[in-house]
Amino acid sequence: MKRKLAADDLDALREEAAHCRACHLYKDATQTVFGEGPKSANIMLVGEQPGDKEDLAGHPFVGPAGQMLDRALEEAGVDRKKVYVTNAVKHFKFVPRGKVRLHQKPNTPEIRACRQWYEREVSAIQPDLVVAMGATAAQSVFGKITPIGKNRGRLIDLPDGRKALVTVHPSYLLRLPDPETKVLEYQRFVDDLKIAAGLQKKAARAA
Ligand code: URA
């Protein structure tokens, strides 16, 4: 595995990404929302793209999906402060509907255009485990369309020697209309994250 980049290299990356024009999404978004977390993180969580709140705040997972994620991480025993959190696509894609901005799923060219930042974040952080939350994240992490159902909940070897864990996106849980299904699916999400918690604890013991 490659050597970790210095901490200021991550800052330089963030600064460079702030001016990214690799696809058209920068035109309507407020700002680039880059990943955040300690450089020493051995777990990287990858979401889809910033939502409305994240676009305005400039930080990943600070809106409703972020609150759901925080709750699940805590229940699973993962310390978010020790995790690097990012998104596959770093600009908010939306369509305006009156006063609201409706989230739009990024397409393959947009995911591909943004993948350079994910790759460079991985080089800087050198995580042992990358957690792909949802289909867009999985497509970025594996470099190809990767179904969630068939792959979730187990450690998968990546070509660079790291492990990947596929799970659902917390927004999926927020959208589930049936309360019983919501409880069950939330529990499955927590169970998936417990795999990351195990790895975090193992790394802490080894340190
Ligand atoms: N959804 C994401 O995928 N990422 C965020 O940062 C917020 C919502």
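Which helices each supply at least two residues of the lining of the second largest pocket?

**Figure 1. Helices at the second largest pocket of the predicted model.** Helix 4 (108-125) and helix 5 each supply at least two residues of the lining of this pocket. Helix 4 gives the most, with five residues.

**Figure 2. Residues and space of the second largest pocket.** The space in the second largest pocket is about 160 Å³. Its lining is formed by R115, Y118, E119, V122, S123, V141, F142, L158, P159 and D160. Sorted by class, this lining has six nonpolar, three charged and one polar residues.

**Figure 3. Centre of the largest pocket.** The largest pocket holds about 620 Å³ of space. It is lined by 27 residues, of which E48, H103, H169, S171 and R175 are the closest to the centre of the pocket.

**Figure 4. Helices at the largest pocket.** At least two residues of the lining of the largest pocket come from each of helix 2 (52-57), helix 3 (64-76), helix 5 (135-142) and helix 7 (170-175). Helix 7 provides the largest share, four residues. Helix 5 supplies at least two residues to the lining of the largest pocket and at least two to that of the second largest pocket.

**Figure 5. Residue classes in the lining of the largest pocket.** The lining of the largest pocket has 12 nonpolar residues, together with nine polar and six charged ones.

Technical notes:
Residues numbered from 1 in each chain as written. Predicted model: local features only at pLDDT ≥ 70, side-chain atom pairs only at ≥ 80, totals over all residues. Heavy atoms only, no water. 1 Å grid on protein atoms, 1.4 Å probe; cavity = no way out; pocket = protein on both sides within 12 Å on 5 of 7 lines; lining within 4 Å. Points joined across faces, edges and corners; volume = space filled by probe spheres on them. Nonpolar A, V, L, I, M, F, W, Y, C, P; charged D, E, K, R; others polar.
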